[in-house]
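Colleague: Before we go through the chains, please show me the model.

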Amino acid sequence: MIGLTHYLFVALLVFALGLFCVLTRRNSLGILMGIELILNAANINYLAFARFGPATYDGQIVAIFVIMLAAAEAVVGLAIVLGIYQTFHSIDVEATETLRG
Amino acid sequence: MQLADLVFYLLALLTVGSAAVVAFSRNVVYAAFSLMGTFLGAAGLYVFLAADFVAVVQVLIYVGGILVLMVFAVMLTHRIEDVQVSNRSVGTLPALLVVGAGAAILGYAVVTTPWRTAEPVPAEATTRIIGDLFLGDYLLPFELASVVLLAALIGAVSLSRKELRRE
Amino acid sequence: MAAAYLRWIPLLPLLGAAVLGLGGAWVQRRHGERAVAAIACLPVALAFAIAVRTFAALAAMPAEQRVLVDRLWTWIEIGSLHVDVAFLADPLSALMVLVVTGIGGLIHVYSVGYMRGEPAYWRFFALLNLFTAMMLVLVLADNLLLLFVGWEGVGLCSYALIGFWYADLANARAGSKAFLVNRVGDFAFALGLFLLFWTLEAHAEATLAFREIDRHAAALAGVSLGGWSVLTVITALLFVGATGKSAQIPLYVWLPDAMAGPTPVSALIHAATMVTAGVYLVARLDVLFALAPATLAAIAWVGAATALLAAAIAVVQNDIKKVLAYSTISQLGYMVLALGVGASGAAVFHLMTHAFFKACLFLGAGSVILALHHEQDLRRMGGLRAAMPRTYATFLVSALAIAGVPPLAGFVSKDEILWSALSHGDGGLWLVGWSVAGLTAFYMFRLVFLAFHGEARSEHAAPREAPAVMTVPLTILAAGAVFAGFLGWPEVLGGGNRLGAWLAPAAAHGGAHASHALAWELFSMVASIAMAAAGIAVAYAMYVRGLVAPERIAAWAGGAPYRWLARKLYVDEVYQALFVDGVLGASRVAARADARVIDAAVDGVAAGVRGWSRFQGAVDAIVVDGFVNRVADVALAAGGRLRRLQSGRINAYLYVIVAALVAVLAWQLG
């Protein structure tokens with residue numbers, strides 16, 4: 001029987017992979033993809049808790065808001081990436097270290 | 001093992017496996033496409049969690065919107081010839097250590113926490129319920145969300161356009 | 001009664017707009033302007049046919065039950081709010097639909113000739129069709145919310161069409177001005193709508209449908225809101241909305257600037273249809289307004305003041321379209337005056353006749369402007385009578401109509417308004433309206449004499465008559481200006497006032513003055529005829545015979561009154577100073593305060609730090625220097641290492657965050 005912990009472990013794995021992606025990628029698009037993975041992991045958690053917790057729909061609503069925010073984040077993030085590309089002609093985060101101390 | 005369990009494991013495998021490709025692939029195009037696998041797998045999981053509407057939204061927004069944007073961004077920012085090694089990873093080992101430690105702690109928390117789970121109620125179609133909630137209890141967040149989206153839209157336009165010189 | 005064909009009236013022009021908007025460029029490239037014109041004119045013509053059918057169907061019904069409804073779908077259903085997308089045809093809206101589709105169709109045909117050679121021909125017609133559709137939604141709406149959709153839709157189209165030649169900054173500005181000024185009115189409209197719904201929900205039945213509102217209006221009569229009758233507040237707010245669309249004081253300033261658009265647009269939107277939306281709104285909610293006498297009194301005086309002010313300004317304008325624009329504002333003032341004295345039937349009658357003759361005047365002016373290669377200054381026209389006989393004839397007929405010469409349409413409807421004011425017992429209103437009649441006759445004939453009589457003052461040789469596609473609509477409109485009046489021919493002159501009777505169920509006060517004093521009505525009529533004749537005679541004496549030089553009048557009282565009028569009483573300048581500069585100035589003050597306060601704070605902190613450092617310096621000097629230097633060395637070395645932390649690399653920062661998170665989690669669990 002599939003229970004809550006199964007879902008939590010799937011979410012955990014996706015989250016860890018997303019985190020790894022964010023930490024190691026040098027391509028800003030790769031970093032954005034990692035963020036999407038993390039958001040999806042969070043969503044799986046929300047829906048799992050909504051399913052196995054008390055019978056309300058709050059978890060589903062929050063999940064929809066997360067998707068909405070992910071969309072907004074992706075739009076702005078990609079616009080920033082394009083802006084970076086126009087300025088530096090690269091989206092490698094090592095090429096954009098102009099803020100280093 | 002029941003058929004439903006099998007399907008769950010397949011979906012979980014799809015989700016996690018594609019996520020692994022996203023995390024480890026050296027080609028940004030592959031990463032972007034396997035992201036679709038994660039999104040679809042997650043959508044399948046949502047259906048298992050009796051969240052049909054969220055699953056549809058997931059497919060529509062993530063696969064239909066965000067992913068397409070990602071692919072567009074890849075297309076706009078890379079010359080085709082250097083796509084092969086377009087997604088370098090640096091510092092893999094320390095990252096693995098940190099992430100592994102974090103994952104271990106979280107896994108420990110998942111296993112040891114005494115979850116008070118209720119017996120799942122029978123699944124029902126959620127679209128109408130969510131619609132009512134959005135226009136009822138969640139009206140204000142709903143409207144705020146639309147404002148946020150509008151702001152994101154305007155922000156994206158003003159960020160990505162070419163600077164216009166004032167005459 | 002249900003009538004499923006009603007939906008096609010707005011839908012057909014909408015379809016035309018969609019086709020032209022999406023594929024118009026292609027059609028124009030492949031099949032030329034004629035195809036575009038056909039796609040644009042056909043839906044409006046069909047809509048007119050359906051409108052005629054609707055009208056006939058209504059006429060065949062018993063007078064008390066003249067209602068046709070076409071319910072499409074439930075639009076909004078939240079809580080107690082239930083709004084349908086439904087179209088309603090009753091005598092009032094059927095009449096409006098006839099005016100909009102009929103005159104709109106004629107103007108479409110005229111535009112076929114007027115816009116010839118325009119690169120964005122298709123865009124013009126797409127917008128014109130969209131406008132027609134939105135206007136039809138507005139007049140056919142079954143409830144206030146749907147009306148609001150049309151209301152905003154026509155505002156949008158008006159904006160787009162005023163700035164049609166948007167490459168010219170002045171045109172784009174005029175469009176923005178119209179849009180923004182209208183927004184002020186629309187804001188009040190929306191507030192009124194909310195308040196109306198809220199009050200209805202609390203005291204009667206939650207609804208926004210017109211027939212329900214009419215039924216429950218009486219239940220609101222006693223309700224008060226903060227010491228005011230709630231109906232007064234609601235109607236006042238709705239009327240402010242109407243002043244925006246119908247260009248009344250204080251929101252009329254956008255209409256003269258709106259003349260920047262193509263002339264057919266001025267005729268259709270800014271004379272015949274859209275600007276009458278405010279009048280239509282008040283007439284539609286007649287029952288509600290009748291219960292708010294305070295608002296009605298204000299409405300009457302706003303209308304009268306607008307009529308007088310705009311007519312006075314029109315007298316001194318030299319731009320042919322500006323004269324007509326102020327004339328439109330003035331005539332709208334008449335309609336609003338009529339609404340204010342409870343004679344909404346008279347207002348709608350004048351709306352209809354005005355649509356005929358003002359559209360004809362604008363289109364005639366358009367022909368003149370086109371013949372003179374976009375010359376709009378009256379001082380450089382003249383002598384066009386021989387060159388453009390058909391334009392001259394139709395223009396003259398319409399000018400006679402607007403001046404109030406019997407038996408033309410303008411005379412009948414204006415007289416009914418004047419008589420309504422008088423029978424309402426307000427001599428002041430009548431006096432204002434009566435003097436405006438004189439001014440109207442004067443400025444219209446000043447326009448006619450300057451443009452068509454005398455000698456040619458234009459640099460362009462040999463202006464030619466417009467093509468048939470333009471003169472035929474002019475002729476039809478002129479015919480309307482002659483004959484439309486007979487629909488409402490007053491009883492005192494042996495007519496039946498058929499229009500009043502037609503509107504009576506919808507506009508409760510239409511023909512309500514059956515038992516009036518005959519002598520007074522005749523007096524009002526004779527007085528206004530005399531006034532019109534006097535206005536025309538003065539114009540003739542000044543501009544044809546040259547008996548009195550206009551310059552001498554202008555120089556009267558040191559020239560100050562003339563200057564004031566010529567500068568439109570400086571209203572634009574005052575608005576600029578009050579609102580635009582006011583907001584800018586306030587922001588500037590805020591910015592300066594910001595700079596001052598923040599600067600002061602920063603300076604203060606800096607001074608404090610400086611003082612502290614000086615103290616430190618003293619301590620340093622006293623305490624062993626070497627120790628301090630050692631500390632400094634350590635700090636320098638630490639800084640040198642620490643600066644590597646700020647790598648400017650996102651991943652590096654994330655490492656720190658994640659590592660810290662993991663550490664905190666481990667500590668929490670362990």
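Modeller: The expected span of a helix is 1.5 Å times one less than its number of residues. Note that this is a predicted model.

Colleague: What span should the 24 residues of helix α2 of chain C have, and what is the distance between its end C-alpha atoms?
Modeller: Helix α2(C) covers residues 91-114. At 1.5 Å a residue, its 24 residues should span 34 Å, and this agrees with the separation of its end C-alpha atoms, which is 34 Å.

Colleague: How many residues of α2(C) are buried?
Modeller: A residue is buried if 20 or more other C-beta atoms lie within 10 Å of its own. Chain C has 670 residues, and 49% of them count as buried. Helix α2(C) is mostly covered, and of its 24 residues the number buried is 23.

Colleague: Which element gives the largest share of the side of chain B that touches chain A?
Modeller: The contact takes 58 residues from chain A and 69 residues from chain B. On the chain B side, the elements giving two or more residues include α1 (3-24), α3 (52-77) and α6 (139-160). The largest share is 13 residues, and it comes from α3(B).

Colleague: How do the residues on that side of chain B divide by class?
Modeller: The side of chain B that touches chain A has 2 charged and 16 polar residues. The nonpolar residues there number 51.

Colleague: Which helix of chain C gives the most to the side that touches chain B?
Modeller: Here 7 residues of chain B are in contact with 9 residues of chain C. By class, the chain C side has 9 nonpolar residues, with no polar and no charged ones. The helix that gives the most, with 8 residues, spans 650-669 and is α26 of chain C.

Methods
Residues are numbered from 1 along each chain as its sequence is written. Chains are lettered from A and ligands numbered from 1 in the order in which they are written. This is a predicted model: local features need pLDDT of at least 70, side-chain atom pairs count only at pLDDT 80 or more; totals for chains, interfaces and linings use all residues. Two residues are in contact if their C-beta atoms, placed from the backbone, lie within 7 Å. Helices (H or I, at least four residues) and strands (E, at least two) are DSSP runs, numbered from the N terminus. Ala, Val, Leu, Ile, Met, Phe, Trp, Tyr, Cys and Pro count as nonpolar, Asp, Glu, Lys and Arg as charged, and the others, Gly among them, as polar. A residue is buried if 20 or more other C-beta atoms lie within 10 Å of its own, exposed if 12 or fewer, and partly exposed in between; C-beta atoms are placed from the backbone.
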